[in-house]
Amino acid sequence: MRRDKLTRLLMVIIAFLVMPGLASAQEMQSHVGKVTGHSESGKQLFYRYCWGCHGFRGDGNGENWLPTGSFSNPYLNIQPRNFVAASFKCRSTPTGTLPTDEDLYDAIKRGFVMSNMPSWITLTAQNRADLVAFIKTLSPRWKSDKPSEPINVPAEPAVSLESIKHGKELFTKLECWKCHGPEGRGDGPSASTLTDSNDQPIRPYNFAAGSRFKCGASNHDLYKIFMTGLDGTPMPSFADVIKPEDAWDLVHYLRTLQVTHSSPELALWMKSKEGAEIVNAQKIGGTPTGSGIKQ
Amino acid sequence: MRTKHIFLAGVAIFAAAAMTSAVPGGGAVTGKVTYEGTPAKQKPIDMSKEPSCAQQHATPISTETVVTGPNNALENVVVYVSAGAPDENTPPSQPVKFDQKGCQYIPHVLAFQVNQTLEIANDDQTSHNIHPLPKTNREWNKSQPPGTPAISEKYDKPEFIPVKCNIHPWMHGNFAVLKNSHFAVTQGGGSFTLPNLPPGKYTVTAWHESYGDQTQEVTISGTETKTVNFVFKAKPY
């Protein structure tokens with residue numbers, strides 16, 4: 001008799017413990033710094049600000065992408081992110097894995113330069129965190145895949161000529177020039193044939209053009225680009241084939257390819273004979289009628 | 001009393017063996033995959049942008065979207081049991097190998113099981129980036145310079161996955177990730193055999209990268225070998 005009552009009590013307790021889990025099965029949270037985002041709040045924001053491009057289902061097929069229902073006249077040059085497929089370009093995590101909450105938050109805040117994704121600094125930090133939480137409800141991957149660890153990025157060593165020269169050797173050895181071209185102008189032998197994972201033509205980054213990288217502007221961001229790969233694009237991950245110290249050397253060299261963007265690496269490189277020769281041969285100076293042209 | 005125990009143990013072992021998916025000495029399905037009509041002409045591949053590969057081929061190799069054999073045989077067709085056999089959650093421990101040689105994927109179509117280890121090697125003197133394009137499995141993209149070790153990966157969902165190399169746009173391959181061990185890829189004459197099938201009703205599917213898939217039902221009663229043939233309609237483009 002006493003055993004029955006105890007069993008019944010236990011069942012009631014268990015039911016109470018399980019119920020909240022069932023009720024909030026669809027609710028996701030995000031954690032960015034001190035802010036916790038909630039998907040229910042993010043949902044309101046998504047259907048006000050985001051779905052025009054990203055689509056009602058968040059699959060990248062918003063009305064702004066295919067207004068005439070065909071690929072012949074898309075308004076947006078790059079297809080908006082497909083949150084259902086959940087394969088993201090700018091991450092701190094290895095290729096083929098989900099990004100961290102910070103990665104998504106940064107993407108919303110920074111926007112994607114040279115694309116139609118604006119920088120959402122008009123939204124508050126709480127808004128952005130809520131949006132990140134909502135994005136995580138759009139794909140089953142956020143429940144089925146294990147959370148991924150960001151890659152380990154060691155401290156950046158000081159910029160030196162040896163570092164830049166070693167980076168130059170790596171650029172040649174790892175055949176970056178096949179797509180990016182020997183001067184990093186996005187004109188390598190394979191550049192014109194590149195297609196992204198949706199079979200849309202895509203160009204490799206042109207370092208000489210000097211625009212910011214889509215995944216951020218710092219050396220740390222540049223490091224992560226080739227050590228995590230840009231999923232969904234032809235840019236692979238080199239994490240298995242570059243040692244972390246060597247990766248920083250490559251970062252320093254890549255900065256010297258950005259000949260129209262001043263950086264400590266470029267300044268140091270210009271001080272060396274080899275560097276000055278290479279950069280001056282590339283530098284676009286003056287206007288056709290201006291004083292910069294060397295006669 | 002003891003004989004009764006031994007007898008029962010023997011029956012239990014026999015029953016357990018009968019319940020596994022592959023029964024050595026069980027029935028089999030065999031057949032040929034052929035095409036009718038005129039398949040599209042395969043084009044020669046220009047590898048001049050990659051001299052280290054171009055010189056490995058005395059005559060340029062052709063694209064492999066449709067590979068044919070004598071007597072209208074259709075090669076590179078994945079024939080597999082799509083229903084009727086239980087899913088095999090423990091894959092074989094032996095990895096399958098995918099090679100990049102002469103700027104070509106060898107084999108062009110690689111069939112293996114869910115969670116089986118896939119080893120990808122680069123035997124060329126140029127970098128390749130191995131970029132499978134799944135839709136339900138996770139998409140990853142890794143650079144593989146010459147002389148670096150094989151890349152090991154696995155897929156946890158069944159899917160047909162196209163594979164490409166972004167650096168060499170003519171390279172195309174396919175992974176067929178399957179739920180059980182009853183599959184074959186037609187080679188050398190379009191024929192296939194699916195052995196070790198316990199008695200039961202099966203759906204056999206044949207998949208071709210350009211012509212889609214076809215299914216047929218077959219029933220195995222004992223240790224017989226049933227013949228199932230597939231005929232695909234070739235398209236001239």
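In what order do the 5 strands of the open sheet in chain B stand? In this predicted model, the order is S7-S13-S12-S9-S10, and the pairing is mixed. The edges of this sheet are taken by strand S7 (109–113) and strand S10 (142–144) of chain B, each of which pairs on one side only. From one strand to the next, the twist averages 25°.

Chain A has a makeup of 11 helices and 2 strands. Read from the N terminus on, its elements go α-β-β-α-α-α-α-α-α-α-α-α-α. Of the 295 residues in chain A, 43% are buried. Counting contacts in chain A with a separation of 6 or more, 58% are between residues 24 or more positions apart. The accessible surface of this chain comes to about 16,200 Å², with 58% of that belonging to carbon and sulfur atoms. On that surface sits a nonpolar patch of about 380 Å², made by A:Leu6, A:Leu9, A:Leu10 and A:Ile13. One of these, A:Leu9, lies in helix H1 (residues 2–23) of chain A.

Next come the charged pairs. Side chains of opposite charge can pair when their charged atoms come close. Over all chains, the count comes to 14 salt bridges. One of them joins A:Lys136 to A:Asp101, with the closest N and O atoms 2.8 Å apart. Because A:Lys136 lies in the loop between helix H4 (125–135) and helix H5 (141–144) of chain A, while A:Asp101 lies in helix H3 (residues 101–110), this pair ties together parts that are 35 residues apart in sequence. Both A:Lys136 and A:Asp101 are buried.

The pair A:Lys273 and A:Glu277 also meets in a salt bridge, at 3.6 Å from N to O. These two are 4 residues apart in helix H11 (residues 273–282) of chain A, so about one helical turn separates them. Here, A:Lys273 and A:Glu277 are both exposed.

Another salt bridge links A:Lys243 with A:Asp246, where the closest N and O atoms are 4.0 Å apart. A:Asp246 counts as buried because its relative accessibility is 16%, and the cut-off for buried is under 20%. Finally, a network of salt bridges links A:Glu175 and A:Lys178 with B:Glu50.

Note on methods: Residues are numbered from 1 along each chain as its sequence is written. Chains are lettered from A and ligands numbered from 1 in the order in which they are written. This is a predicted model: local features need pLDDT of at least 70, side-chain atom pairs count only at pLDDT 80 or more; totals for chains, interfaces and linings use all residues. Side-chain values use heavy atoms; hydrogens and water are left out. Two strands pair if DSSP finds at least two bridges between them. Axes are lines fitted to C-alpha atoms, for helices over the stretch in contact, and angles run from 0 to 180 degrees between N-to-C directions. Patches are made of residues with over 30% relative accessible area and no salt bridge: like charges are joined within 9 Å, nonpolar side chains (Val, Leu, Ile, Met, Phe, Trp, Tyr) within 5 Å. Accessible areas come from the Shrake-Rupley method with a 1.4 Å probe; for residues, only the protein chains shown count as cover. A salt bridge is a side-chain nitrogen of Lys or Arg within 4 Å of a carboxyl oxygen of Asp or Glu. Buried means under 20% relative accessible area, exposed over 50%, partly exposed in between (1.4 Å probe, protein chains only). Contact means heavy atoms within 4.5 Å.
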